[in-house]
Amino acid sequence: MLVLAMDTSNQALSVALVRDEALLAETTINIRKTHSESLLPAIENLMTAANIEPADVDRFVVAQGPGSYTGIRIAVTTAKTFAWTLQKELVGISSLAVVASNTQATGLIVPVFNARRNAVFTGAYCWQQGQLVNVLPDRHQDLAPLLAELASQTAPVTFIGTDVPLFQDQIQAALGDQAQFVSGWAALPQARQLAWLGEQGQPVANQHRFAPQYLRQTEAEVNWLKQHPTASKGHEPYVEEI
Amino acid sequence: MAKRELILAFESSCDETSVAVIEDGAKILSNIIASQINSQKRFGGVVPEVASRHHVEQVTLCAEEAMTEAGVTYADLSAVAVTYGPGLVGALLIGVAAAKTVAFAHHLPLIPVNHMAGHIYAARFVKPLVYPLLALLVSGGHTEIVYLKAAGEFEIIGDTRDDAAGEAFDKVGRVLNLTYPAGKKIDDLSKQGQDTFNFPRAMLHEPNYDFSFSGLKSAFINTVHNAEQRGETLSKVDLAASFQASVIDVIVQKTMRAAKAYPVQQLVVAGGVAANSGLRAAFQQAVAAETPDMDVIFPPLRLCSDNGAMIGAAAHVLWAKGAHADGRLNADPGLSFDYASDFQA
């Protein structure tokens, strides 16, 4: 199976071509440039280098979020369009799982993306018999309650993410020696890992409806629902063909 | 027999996701439009993040329906076109990403299209265009008079200095408790009322082709609020008629002045506000009285709001002039035509 994997959830962009379990080519770009300008050229370069045609790909795997809303939309739109237009498989993988899979640490692995206002996108994972297993579902949460929940654990907890240094003092104060940290280049998403996770995933049934996992409603919708608490049931279709 | 040129065109600059298949820039084989109005009217206007989220869920669906309805395969297509600006950046990026991917996956040329050029070329579905021509673009984001010396050559000769005309309609609509978008509702109310409030006609007598609608908007709001404070209720239909008359007066008179000053035989009135029945009637009357030899073209109502068909029509013209892009194409939310060299705003 030939897999093209792509992740543009945060500042780093990573794309990889993997055949079965062999890495053919991988590119990671970690500069401040829009993913819109960089993603397709990176894919083109990869395919040229590996002598692959778009139609040769069997499965498109994408980091589906959470992360930067605009960022995840670019990879998700690109991946779903590839899969739809070439009639190939599409698999979405948690962007947090991709980063968690970078470490082989025992105990809990807690990937962390900064979501601003001292909130994070996070979840908890661990390795069991060579598989990465999700233990606490991905969520958008304030850091303090997350740390309280983790403090009751006895296992070591490895925090991983390029944003981890922002929270390191706070985490250490709550968890002490129980906490370990992985950041910097070791915490960048690697599309080869995404491809590997995606090879094990289930292809999505309805590619058209495939969308990012934002893990947050928009502020406008949150406010509107507060004013219209019963309106989420039985409303007219929000989008319709005209 | 020469192969027909078929362009698959994507549009996602605001709150409509649309994909069309256009033959030779003039024939619509399909034009699928998914509107978010039911969603955005909850907020009284377009919320950009909400718009972007809807586009992701619509874009391949619209593209598939466009291909199916047109009865074409990728092997039949000549090129892929996409709106890359102006518009909401997050919304534009969805169409741009999808169009780039389809073009790359099937080795097709990619044509970047200015959304405003699309509005003008919606007129091509009515009849062939004759240059030089003048176009008035009136929408929620723009009020521009554009001079086309030749096909695909655009120069802005008049522009709004503050609000766009469509924006003024929506803001006034909110004061009248009309749901978004308010343009059609104000147009309907106007037909039952009279121009009794004598709202200002901004910049009508200035020697340029520019517009201003923020003063009109303020005058309208002040009139309504002052009446409320006095406990009076003003006639909603007369308010609507008076507001619409002011907008139409200024737009029609200044556009007609430009139409007489430039060597044009055709006037295209395009953009969402071009669907306004009062504006259409006023232009037809003015042209008949002042420039009976000039041809005024209004695109059909369905092609006045945002749609992929108009992008495919513009792409046909721009491609012939050498426009092309590659995988690096990005959204350009502030994209604009050039201003005429003697333009002063």
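Across the interface of domain 1 of chain B and domain 2 of chain B, five residue pairs are in polar contact, both residues being at pLDDT 80 or more; a polar contact here is a pair of N or O atoms within 3.5 Å, where within protein one must be able to donate a hydrogen and the other to accept it, and where residues adjacent in sequence count only if both atoms are side-chain atoms. Helix H1 (37-40), helix H4 (115-121), helix H11 (308-320) and strand E11 (338-339) of chain B each give at least two residues to the side of domain 1 that touches domain 2 of chain B, and H4(B) has the largest share of that side, with four residues. Helices (H or I, at least four residues) and strands (E, at least two) are DSSP runs, numbered from the N terminus. By class, that side of domain 1 of chain B has eleven nonpolar, five polar and four charged residues, where Ala, Val, Leu, Ile, Met, Phe, Trp, Tyr, Cys and Pro count as nonpolar, Asp, Glu, Lys and Arg as charged, and the others, Gly among them, as polar.

Before I go further, some conventions. This is a predicted model, in which local features need pLDDT of at least 70 and side-chain atom pairs count only at pLDDT 80 or more, while totals for chains, interfaces and linings use all residues. Residues are numbered from 1 along each chain as its sequence is written, chains are lettered from A and ligands numbered from 1 in the order in which they are written, and side-chain values use heavy atoms, with hydrogens and water left out.

Staying with chain B, domain 1 covers 6-120 + 304-339 and domain 2 covers 127-298, with bounds that come from an automatic or database domain assignment. The C-alpha centres of these two domains of chain B lie 27 Å apart, and their contact, meaning heavy atoms within 4.5 Å, takes 20 residues from domain 1 and 23 residues from domain 2 of chain B. How much area is buried between domain 1 and domain 2 of chain B? The value is about 1,800 Å², of which carbon and sulfur atoms give 72%, buried area being the accessible area (1.4 Å probe) that two parts lose on being put together, summed over both. B:Ile120, B:Cys304 and B:Tyr339 supply 34% of the area that domain 1 buries against domain 2 of chain B, more than any other three residues. The count between these domains of chain B is one salt bridge, that is, a side-chain nitrogen of Lys or Arg within 4 Å of a carboxyl oxygen of Asp or Glu; B:Lys321 forms a salt bridge with B:Glu153, with the closest N and O atoms 3.3 Å apart.

Turning to the two chains, 45 residues of chain B are in contact with 42 residues of chain A, and the area buried between them is about 4,000 Å², with 60% given by carbon and sulfur atoms. B:Arg42, B:Arg53 and B:Phe104 supply 18% of what chain B buries against chain A, more than any other three residues. There are three salt bridges between the chains; A:Arg73 forms a salt bridge with B:Glu49, where the closest N and O atoms are 2.9 Å apart. The rule also finds 23 residue pairs in polar contact across the interface of chain B and chain A, again with both at pLDDT 80 or more. Strand E3 (27-35), H1, helix H2 (48-70) and helix H3 (89-105) of chain B are the elements that give two or more residues to the side touching chain A, and H2(B) has the largest share, 14 residues. There is also strand pairing, for which DSSP must find at least two bridges between two strands: two bridges join strand E11 (residues 240-241) of chain A to E3(B), and these strands run antiparallel, with B:Ala34 in E3(B) as the bridge partner of A:Glu241.

Finally, chain A itself is assigned domain 1 (2-95 + 190-221) and domain 2 (103-187), whose centres, taken over C-alpha atoms, are separated by 24 Å. The area buried between these domains of chain A is about 960 Å², of which carbon and sulfur atoms give 59%, and A:Trp196, A:Leu215 and A:Arg216 lose the most area on the side of domain 1, together 40% of what that side buries. The count between domain 1 and domain 2 of chain A is zero salt bridges.
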